[in-house]
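These are my notes from an afternoon of looking things up in one model.

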Amino acid sequence: MAAAETTTAGTETPSSKGFPPFKSETYPAQLFWLAVTFLFLFVVLWRVAGPRIAGVIGERKGRIAGDIGSAERHRKDSEAALASYQSALAAGRESARALMEDNRKRLAAEAERAKALADAQAREASGVAEARLAVVRAESRDRLSEAAADVVIAIVARLIGDSVSPDEAAAAVRSAAGS
């Protein structure tokens with residue numbers, strides 16, 4: 001340890017006391033090396049780092065501009081696709097509405113035809129039924145007249161004890177029915 005103290009003690013001089021950058025005797029040397037260092041760093045930044053930084057900034061600007069252009073193209077493409085989709089959707093809706101209207105008209109016409117056919121069939125069936133009913137009424141009138149004539153013959157035979165011919169009984173029933 002004594003050797004270390006000797007070395008340290010031997011290098012110190014009375015004028016070297018204090019922090020060297022604050023000594024006014026070293027200012028010119030400090031200013032010279034400051035200027036040399038500044039010039040060296042300025043040249044390095046100007047010739048090496050500056051162009052690299054400018055290249056990176058230019059590349060980023062180009063990439064950003066390209067991305068913005070691509071985004072703009074994609075936006076325009078999506079707007080065109082949306083417009084195409086909306087026009088196709090509107091055309092589809094219009095087509096569906098027209099088809100629905102045509103079907104409604106066609107079904108209404110078919111319903112009218114079916115109703116007219118059903119009405120005609122009902123009128124025809126009603127006419128046939130009325131004709132049959134008229135025939136049945138005529139037959140029942142004839143049978144009723146025959147039954148009434150038979151009843152007249154039976155009543156006369158029972159009350160008077162006399163027999164009446166079927167023609168006379170029929171004539172009596174006709175005369176009674178007509179009055």
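**Entry 1: terms and ground rules**

I began with exposure: a residue is buried under 20% relative accessible area, exposed over 50%, and partly exposed in between, with a 1.4 Å probe and protein chains only. The areas come from the Shrake-Rupley method with a 1.4 Å probe, and for residues only the protein chains shown count as cover. The model is predicted, and local features need pLDDT of at least 70, side-chain atom pairs count only at pLDDT 80 or more, and totals for chains, interfaces and linings use all residues. Residues are numbered from 1 along each chain as its sequence is written, and side-chain values use heavy atoms, with hydrogens and water left out.

**Entry 2: G127**

G127 lies in helix α2; helices are DSSP runs of H or I with at least four residues, strands are runs of E with at least two, and both are numbered from the N terminus. Helix α2 covers residues 27-159.

**Entry 3: F40**

F40 is in helix α2 as well. It counts as exposed because its relative accessible area is 54%. The C-alpha atoms of F40 and A148 are separated by 152 Å, and the two residues are 108 apart along the chain.

**Entry 4: a nonpolar patch**

Which residues form a nonpolar patch on the surface? I found F38, L39, F42, V43 and W46, with about 560 Å² of accessible area together. A patch takes residues with over 30% relative accessible area and no salt bridge; nonpolar side chains (Val, Leu, Ile, Met, Phe, Trp, Tyr) are joined within 5 Å, and like charges within 9 Å. V43 lies in helix α2 and, at 40% relative accessibility, is partly exposed.

**Entry 5: rings in the patch**

I then searched for aromatic pairs and got 4 in the whole structure. The F38 and F42 ring centres are 6.3 Å apart and the planes are at 20°, so this pair is stacked. The rule is that rings of Phe, Tyr and Trp (its six-membered ring) pair if their centres lie within 6.5 Å; planes under 30 degrees apart are stacked, over 60 edge-to-face, and the rest tilted. F38 and F42 are 4 residues apart in helix α2, about one turn of the helix. F38 is exposed at 55% relative accessibility, while F42 is partly exposed at 45%. Ring pairs link F38, F42 and W46 into a cluster.

I noted a general point before turning inward. In soluble globular proteins, nonpolar side chains tend to be buried together. The largest nonpolar core here has 5 residues: A149, V156, V164, A169 and V173. Helix α2 and helix α3 (166-178) each supply at least two residues of this core. A core is a set of buried Ala, Val, Leu, Ile, Met, Phe, Trp, Tyr and Cys residues joined through side-chain atoms within 4.5 Å.

What does V173 touch, leaving out residues up to four places away in sequence? I listed S145, A148, A149 and V152, where contact means heavy atoms within 4.5 Å.

**Entry 6: salt bridges**

Side chains of opposite charge can pair when their charged atoms come close. A salt bridge is a side-chain nitrogen of Lys or Arg within 4 Å of a carboxyl oxygen of Asp or Glu. By this rule I count 6 salt bridges.

I looked at some of them in turn.

- E94 pairs with R97, the closest N and O atoms being 2.6 Å apart. Both lie in helix α2, 3 residues apart, about one turn. E94 is partly exposed at 43% relative accessibility, and R97 is partly exposed at 42%.
- E101 and R104 meet in a salt bridge of 2.4 Å, N to O. About one helical turn separates them because they are 3 residues apart in helix α2. E101 is partly exposed at 26%, and R104 is partly exposed at 47%.
- E110 pairs with R106, with the closest N and O atoms 3.2 Å apart. They are 4 residues apart in helix α2, about one turn. E110 is partly exposed at 34%, and R106 is partly exposed at 42%.
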